[in-house]
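Colleague: I would like to learn how to read the contacts and side-chain pairings of a two-chain model, taking one feature at a time. Could you take me through them?

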Amino acid sequence: MGKEFILDIEDVNVSYKDKNVIEEINLQIPKGKIVAVVGPNGCGKTTLIRTISRSIKPNKGKILLNGENIFKMKIKYLARKMAVLSQNNTNSNDVTVKNLVQYGRFSHKSWWKGSEIEDSKIINWAIKMTKLDALSHRKINTLSGGERQRAWIAMALAQKPEILLLDEPTTYLDIAHQLEILELISKLNKEEGITILMVLHDINHAVRFSDELIVLKDRRVVRQGDPWMIIESEVLQEVFHVEAEIIMDRENHRPIFYATKVQNEHKGDEK
Amino acid sequence: MENEESLKDKKGYKISIIVIIALLLVFGFILGNAKGTISLNVERIFEVIMNDDGSSDRMVIWNIRLPRMILAALVGCNLALSGAILQGVMKNPLADPSIIGISSGAGLFAIVILVIFPQYQHLVPLVAFCGAMLAAIIIYILAWKGGIQPTRVILAGVAVSALFGAGISGTLVLFSDRVHGALTFMNGSLSSRSWPEVQTILPYTIIGMILVVIFANKLNILVLGDDVARGLGLNVEVTRIGFTALAALMAASAVSVVGLLGFVGLIVPHSVRLLLGNDYKYMFPASALLGATLVIFSDTFARTVFSPVEIPVGIVMAVLGAPFFLYLLRR
């Protein structure tokens, strides 16, 4: 025992036009850990994140944050506990980095309360954490992909959340920036104690940077556990339809794999 | 690129621009009072406003020009704010109450009351608001497909606009004997409007201005996208409905006093965006002032340039607005 859970997902079902998009999801997210959700395309990863962040309403089940049902909370209260980095926030915005980070304080403010000094302290801290000091007056749409992603993370940080949800934070980035973002996320977890729940496309990245993995397939959770439980040929074959060579990453003491070939019966399955 | 605050992002710059627009408004207001069949100088205008000397100058200023200029300012302010809001909530730069049918919705309902049930004339702004809301709801329903689709907004809006427009024309034709100045209603005109119209619209302008200033930041967050806004703690649905209702109310109150005055809600917010950027905290006050200024100047122009013939101010707005619309499309 001794494991404390920040998020409890109980029996959640989401459907869209009479079709289930995720089914009977039961998950517990441990406090202070990094948890990654992986799975093939269309398995419901994004739906899961959007449901937990209240953008989609489940037609069955409960989602509890520290024991409280998120759908019964005031949305501002939820935003002070949970921050979200969604996938398609690439609106061509001409706001500056600093403005964007200021928006992160929205949930902590109302017209009768909220201290300016406290706010600007947190804003500066968020900008520093994400190493955006030198870019704070630049417009979002003039930044590179990696810088822009850091700006969105800074905005989420300004919410001072206990848990941060990220939906494929490394898509469209080159490898150096992917690692940079994942290292930043890892640092936020280690230094600030923020629980991380993220969807990742790259399984090796997920293994390397997270304490626990959740594998989704065909709208359901098929496995949850530490990296060694997930990276085994059975899972890789059944879920991802590849045969793979699994080796040990000596530096991080984690498994790492490379796919050798697509499973025979899966060939031509796409489309 | 270095990390320096660009000119447009500096607070001092934004405030100076707003002050300049305010000065232009004052200048336009005085000019509008001075020009006409009888030209008056500034001192004389103040003199007759301050005390009723029974002169014809007093008559002209107090009963005609002064209320007309005030009304022009209020209408311009309402339409500009309505456009600024709609562009944000509908995520479309071409959203303007007259283009997407909100004005025609208000207009149809207003016309029906005016020609068929003239005994309920005092209800016109309220009924016009219902028409505007109805138009907005239809647009949302048509344009909604898992979120607002900006291109669908315009397509739906054009359709709604055509539908209500047909209703207006039909009513005007069927009841042509009861309609005086149908043409001026269709084009929007300030001619022969006076204090009663000012009284009708003033409360809506005041309420609208207060609300947009208080809630400007919410709209800033809404334009980041629904999921992002929700993540930041904004109640997206309530904010969107609230702002749409406010935009409809402001457009409807303007339509019910001057008819279908187009393009103000398009030209003004965009000009302000070009000058000040997209932060609604500055955009709202600047749009309100520039909207008032634009309608005052246009009306003064419409009233004096072909004197003694007066053309509806809506025609002037269309002449300015149509090229601007094309410019936005090309950009």
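This is a predicted model: local features need pLDDT of at least 70, side-chain atom pairs count only at pLDDT 80 or more; totals for chains, interfaces and linings use all residues.

Colleague: Let us begin with the interface; how many residues of chain A are in contact with chain B, and how much area is buried between them?

Modeller: An interface can be read first by who touches whom and then by how much area is lost. Here 30 residues of chain A are in contact with 24 residues of chain B, and the area buried between the two chains is about 2200 Å², of which carbon and sulfur atoms give 56%. On the side of chain A, the residues that lose the most area to chain B are Tyr103(A), Phe106(A) and His137(A), which together account for 30% of what that side buries.

Colleague: Which polar and charged pairings cross that interface?

Modeller: The rule finds 1 salt bridge across the interface of chain A and chain B, and it also finds 4 residue pairs in polar contact there, both residues being at pLDDT 80 or more. As for where the side of chain A comes from, helix 2 (75-81), strand 6 (82-85), helix 3 (97-103) and helix 5 (145-158) of chain A each supply at least two of the residues that touch chain B. The largest share, 3 residues, comes from helix 2 of chain A, and by kind the residues of that side divide into 11 nonpolar, 12 polar and 7 charged.

Colleague: How should I think about a salt bridge in general, and which residues form the one between the chains?

Modeller: Side chains of opposite charge can pair when their charged atoms come close. In the case between the chains, Arg50(A) forms a salt bridge with Asp227(B), with 2.7 Å between the closest N and O atoms. Asp227(B) also meets Arg230(B) in a salt bridge (3.3 Å, N to O). Because Arg230(B) and Asp227(B) are 3 residues apart in helix 9 (residues 226-231) of chain B, about one helical turn separates them, and Arg230(B) counts as buried at 10% relative accessibility.

Colleague: How many salt bridges does the structure hold over all chains, and which of them link distant parts of a chain?

Modeller: There are 22 salt bridges over all chains. One of them joins Arg150(A) and Glu180(A), whose closest N and O atoms are 3.3 Å apart; this pair links distant parts of the chain, with Arg150(A) in helix 5 and Glu180(A) in helix 6 (residues 175-192) of chain A, 30 residues apart. Arg150(A) counts as buried at 11% relative accessibility, whereas Glu180(A) is partly exposed at 31%. Another is formed by Arg68(B) and Asp299(B), at 2.8 Å between the closest N and O atoms, and it links helix 3 of chain B with helix 12 (residues 280-304) of chain B across 231 residues. Both Arg68(B) and Asp299(B) are buried. Salt bridges can also be linked in a network, as they are for Glu23(A), Glu24(A), Arg219(A) and Arg220(A).

Colleague: Turning to aromatic rings, what should I look at, and how many pairs are there?

Modeller: For ring pairs, one reads the distance between centres together with the angle between planes. The count comes to 4 aromatic pairs over all chains. The rings of Trp62(B) and Trp195(B) have centres 5.3 Å apart and planes at 45°, so this pair is tilted. The pair links distant parts of the chain, with Trp62(B) in helix 3 (residues 56-89) and Trp195(B) in helix 8 (residues 195-222) of chain B, 133 residues apart. Trp62(B) is partly exposed at 30% relative accessible area, and Trp195(B) is partly exposed at 26%. Phe324(B) and Tyr327(B) form another tilted pair, at 5.7 Å centre to centre and 55° between the planes, but they both lie in helix 13 (residues 313-330) of chain B, 3 residues apart.

Technical notes:
Residues are numbered from 1 along each chain as its sequence is written. Chains are lettered from A and ligands numbered from 1 in the order in which they are written. Side-chain values use heavy atoms; hydrogens and water are left out. Contact means heavy atoms within 4.5 Å. Buried area is the accessible area (1.4 Å probe) that two parts lose on being put together, summed over both. A salt bridge is a side-chain nitrogen of Lys or Arg within 4 Å of a carboxyl oxygen of Asp or Glu. A polar contact is a pair of N or O atoms within 3.5 Å; within protein, one must be able to donate a hydrogen and the other to accept it, and residues adjacent in sequence count only if both atoms are side-chain atoms. Helices (H or I, at least four residues) and strands (E, at least two) are DSSP runs, numbered from the N terminus. Ala, Val, Leu, Ile, Met, Phe, Trp, Tyr, Cys and Pro count as nonpolar, Asp, Glu, Lys and Arg as charged, and the others, Gly among them, as polar. Rings of Phe, Tyr and Trp (its six-membered ring) pair if their centres lie within 6.5 Å; planes under 30 degrees apart count as stacked, over 60 as edge-to-face and the rest as tilted. Buried means under 20% relative accessible area, exposed over 50%, partly exposed in between (1.4 Å probe, protein chains only).
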